[in-house]
Amino acid sequence: MKKAITIVDVARLAGVSRTTASDALNNNGRVSEPTRLMVERAASALGYRPNAAAQSLRTATKGAIGIHLPEVMTRIDYYLQIVYGALEEAARQQTNVTLITSQRLFGGHRPPVDGVILLDPLAHDTAATQLMDLDVPVVTLEPADGADQAGIVSADHEAGVRELLDHFVAQGASTPALLASPRSTNWGTRVQTAYRQWCRENGKRPLVAERTFGSDSATLAEAARELLSLDEGIDAVLCGPDGSALVVMDVLQDSGKQPGDDVQIAALVDNPALAYVDPPVTAIDLAPRPAGARCVELLLGILRGERAPDEVVPLEIEVQYRASTRD
């Protein structure tokens, strides 16, 4: 499939900034006549055609972007924080946001949006597939199957997993286990792959218990007991599902073991509660609000013709070290 020509390509050929190229083609700003002609010639040479949705976004007062969040993820604080971050950035840029439900799509109603944000979509998510087929710009938080021409906001989750596992070992652990989210999202797949690869490289046997997204505390406790009942001498647990670290701590205490001393604990998804339990839990700050904001920034840039439709934006994440890993 031929890559669409964007304002970025025009600006590069004309030797000007994206903003100058956009202003020249839309009669905005203080652009000299020679510069305007140079940009117009570059646009003509490349066959550039302004995106209709971008023009609507610039000129209409009711343009909107859509955010799709599967229902199962609405119970997970991490994803809600992403939505809050997206809404804050959209408000700052005076852009309306439509939250898109599966029911709305399956009812045959095309959402009135100029572009769509998909938050780490689940594999085989029919709603996500339909949204990617709408012929509007798409941005995904983490790569998604079928979104080859989408913009992407993505973090280096593999590096985070490795950092925590190496930290376990540096703090005296020898047998780290993983309480995993399923491989039905890009994040879930990458976490499990990184853990198993680390185990292979370090001569460790992978010890994994997996539960579905949105599992309740009882289900996560069952998974924790499943791991800890293995006769493997587990002395560290990497917790994937949001909130699962607190459940693992309860299970350990019920069995007479002290979190942080007998078994180290670290979470792959930080949340405020983890800093205030005893002991406070080491966790990766996935920067959910900045992630939501980056998605909106990228999608609006694509709609305005200022960003490439398949641009990849890195998201910085950071491990917050706390007492649960004896730090």
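Predicted model: local features only at pLDDT ≥ 70, side-chain atom pairs only at ≥ 80, totals over all residues.
A polar contact is a pair of N or O atoms within 3.5 Å; within protein, one must be able to donate a hydrogen and the other to accept it.

Select Asp-125, in the loop that runs between strand E3 (115-119) and helix H7 (126-132). Its side chain reaches the backbone nitrogen of Ala-127 at 3.0 Å. Asp-125 counts as buried because its relative accessible area is 12%, and the cut-off for buried is under 20%. Display His-68 and Pro-70 next: Asp-125 touches both, leaving aside residues up to four places away in sequence.

Proceed to the largest nonpolar core, a set of 76 residues. Ile-117, Val-237, Leu-238 and Leu-268 have the most contacts inside it. A second, separate core holds 13 residues, including Ile-100, Val-116, Ala-128 and Leu-134.

Return to Leu-268 and show its contacts. Beyond four places in sequence, Leu-268 touches, among others, Val-161, Leu-164, Trp-187, Leu-238 and Ile-284.

The last stop is the second largest pocket, with about 350 Å³ of space. Centre the view on Ile-76, Gly-214, Pro-241, Asp-242 and Gly-243, the closest to the pocket centre of the 27 lining residues. Helices H5 (77-92) and H10 (217-228) each supply at least two residues of the lining, and H5 gives the most, with 3 residues. Coloured by class, the lining shows 11 nonpolar, 9 polar and 7 charged residues.

Conventions: Residues numbered from 1 in each chain as written. Heavy atoms only, no water. 1 Å grid on protein atoms, 1.4 Å probe; cavity = no way out; pocket = protein on both sides within 12 Å on 5 of 7 lines; lining within 4 Å. Points joined across faces, edges and corners; volume = space filled by probe spheres on them. Helix = DSSP H or I, 4+ residues; strand = E, 2+ residues; numbered from the N terminus. Nonpolar A, V, L, I, M, F, W, Y, C, P; charged D, E, K, R; others polar. Buried < 20%, exposed > 50% of the residue type's maximum accessible area, 1.4 Å probe, protein only. Contact = heavy atoms within 4.5 Å. Core = buried A, V, L, I, M, F, W, Y, C linked by side-chain atoms within 4.5 Å.
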